[in-house]
Amino acid sequence: MILQVFLLLLGLILLVKGADWLVDGASVLAKKKNVSDLAIGLTIVAFGTSAPELVVNVVAASGNYPDIVFGNVIGSNNFNLFIILGISGLIIPLSVQSSTVWKEIPFSLFAAIGLFFLANNFFLSETTVLSRWDGLILLVCFAGFLYYVATQLKSDPQAEQVEAKDYSNPKIWMLILVGLAGLVGGGKLVVDNAVSMAQSLGVSEKIIGLTIVAAGTSLPELATSVVAAMRKNADIAIGNIVGSNIFNLFLILGVSSVIRPLEFNVSFNTDLYILGAGTVFLFFAMFTGKRHKLDRWEALVLLSSYLLYTGYLVGLES
């Protein structure tokens with residue numbers, strides 16, 4: 001068990017650092033090829049923060065571990081919304097742009113509702129499976145979201161700037177290749193040892209996916225949002241989380257289910273209800289107290305709600 005925990009932690013470190021190295025190298029390469037800041041931000045940087053979840057899910061889908069796939073994405077989204085926004089909002093009340101309130105938060109709720117209906121197949125089949133066709137629908141929705149983000153960035157030139165260092169060509173390719181190797185190796189370590197831990201502890205893959213794997217793959221979002229909150233950059237703190245949740249549901253589950261149709265455990269519906277309720281709470285929090293702001297008491301509600309629910313989940317398994 002100690003070895004499994006060590007290898008799982010090593011895998012998470014490789015995932016986070018691999019994404020960091022890949023983004024660094026690819027951003028500099030894109031700059032040298034005169035690719036626009038907007039294109040870099042929409043592709044390389046956006047992929048970087050979602051890379052740990054994506055790699056873990058590709059490995060889990062290929063190995064036919066659907067509970068790890070759904071647990072990782074839904075668990076990551078709940079961790080992002082309740083824990084990361086909760087911690088960030090306790091550091092500083094988070095002021096939110098009007099477009100985030102009226103467009104991006106509802107978009108993330110639409111994504112959760114869309115997954116709920118696609119996975120449960122209420123009208124088309126008695127089986128609960130996220131099929132390849134469902135995956136294509138999610139990817140089309142993701143393309144629509146990318147188009148929306150592109151139009152938003154064009155109207156806000158300041159948001160287009162992407163920082164990139166100046167590296168030599170050998171160092172660029174070394175960062176890209178080592179980053180990719182870290183992602184692939186880290187993803188394999190995380191999935192294999194998460195499954196082994198679940199079997200050793202006698203708990204379900206679902207619980208491991210919802211808690212340990214989900215929290216671990218959300219480390220880039222946690223670091224980004226907490227640092228942004230400490231620097232009083234609320235737009236990045238909250239935009240990073242809402243955008244990441246949309247990426248996870250549309251892109252990562254879309255890719256995962258195209259690789260292999262995924263059997264959906266209906267017990268995940270409870271976690272989707274919580275995700276939906278948390279998103280609705282975030283929306284209405286924008287109109288209580290100071291307008292378009294997540295106040296500290298609201299952040300505390302998010303944080304404590306997640307901790308209570310996680311305790312309840314663990315209690316069910318024991």
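**Notebook: helices, ring pairs and a cavity**

I began with T49, which is found in helix α2 (residues 37-62); helices here are DSSP runs of H or I with at least four residues, strands are runs of E with at least two, and both are numbered from the N terminus. I noted that I was working on a predicted model, in which local features need pLDDT of at least 70 and side-chain atom pairs count only at pLDDT 80 or more, while totals for chains, interfaces and linings use all residues. Residues are numbered from 1 along each chain as its sequence is written, and side-chain values use heavy atoms, with hydrogens and water left out.

I looked up the accessibility of T49 and found 21%, so T49 counts as partly exposed (buried means under 20% relative accessible area, exposed over 50%, and partly exposed in between, with a 1.4 Å probe and protein chains only). From T49 I took the C-alpha to C-alpha distance to E263, which is 26 Å in space for 214 residues in sequence. P52 is also found in helix α2, and I recorded P52 as buried, with a relative accessible area of 0%. Between P52 and F107 I read 23 Å, C-alpha to C-alpha, at a sequence separation of 55 residues.

I then moved to N64, whose place is in the loop between α2 and α3. N64 has a positive phi of about 60° although it is not a glycine, and at 43% relative accessibility N64 counts as partly exposed.

**Entry: aromatic pairs**

For ring contacts I used a rule in which rings of Phe, Tyr and Trp (its six-membered ring) pair if their centres lie within 6.5 Å, with planes under 30 degrees apart counted as stacked, over 60 as edge-to-face and the rest as tilted. By this rule I counted 19 aromatic pairs. F107 counts as partly exposed at 23% relative accessibility, whereas F250 counts as buried at 2%.

I next examined F145 and Y148, whose ring centres are 6.2 Å apart with planes at 35°, so the pair is tilted. Being 3 residues apart in helix α5 (residues 132-154), F145 and Y148 are separated by about one helical turn. I recorded F145 as buried, with a relative accessible area of 4%, and Y148 as buried, with 14%.

**Entry: helix α7**

Helix α7 (residues 205-217) has 13 residues, but I found its end C-alpha atoms only 16 Å apart, short of the 18 Å that a straight helix would reach at 1.5 Å a residue; the expected span is 1.5 Å times one less than the number of residues. I noted that α7 is mostly covered, with 10 of its 13 residues buried, among them K206, L210 and T211. The charged end of K206 sits over the ring of F268, 5.4 Å from its centre (the test asks for NZ of Lys or CZ of Arg within 6 Å of the ring centre and within 35 degrees of the ring normal).

**Entry: cavities**

I searched the whole structure and found 2 cavities of 30 Å³ or more; on a 1 Å grid over the protein atoms alone, a cavity is a set of points where a 1.4 Å probe fits but cannot get out, and lining residues have an atom within 4 Å of a point. The largest cavity has a volume of about 60 Å³, where a volume is the space filled by probe spheres set on the points. Its lining consists of G75, N78, L210, T211, D271, Y306, Y309, T310 and L313. I noted that α3 (66-91), α7 and α11 (296-317) each supply at least two residues of this lining, and that α11 gives the most, with 4 residues.

**Entry: UniProt record**

In the UniProt record, an unreviewed entry, I found "transmembrane region" listed for spans including 237-259 and 271-287; such annotations may be inferred rather than shown by experiment. In the model, residues 237-259 are 100% helix and 0% strand, with end C-alpha atoms 32 Å apart. Residues 271-287 are 88% helix and 0% strand, and there the end C-alpha atoms lie 25 Å apart.

Key. 1 Å grid on protein atoms, 1.4 Å probe; cavity = no way out; pocket = protein on both sides within 12 Å on 5 of 7 lines; lining within 4 Å.
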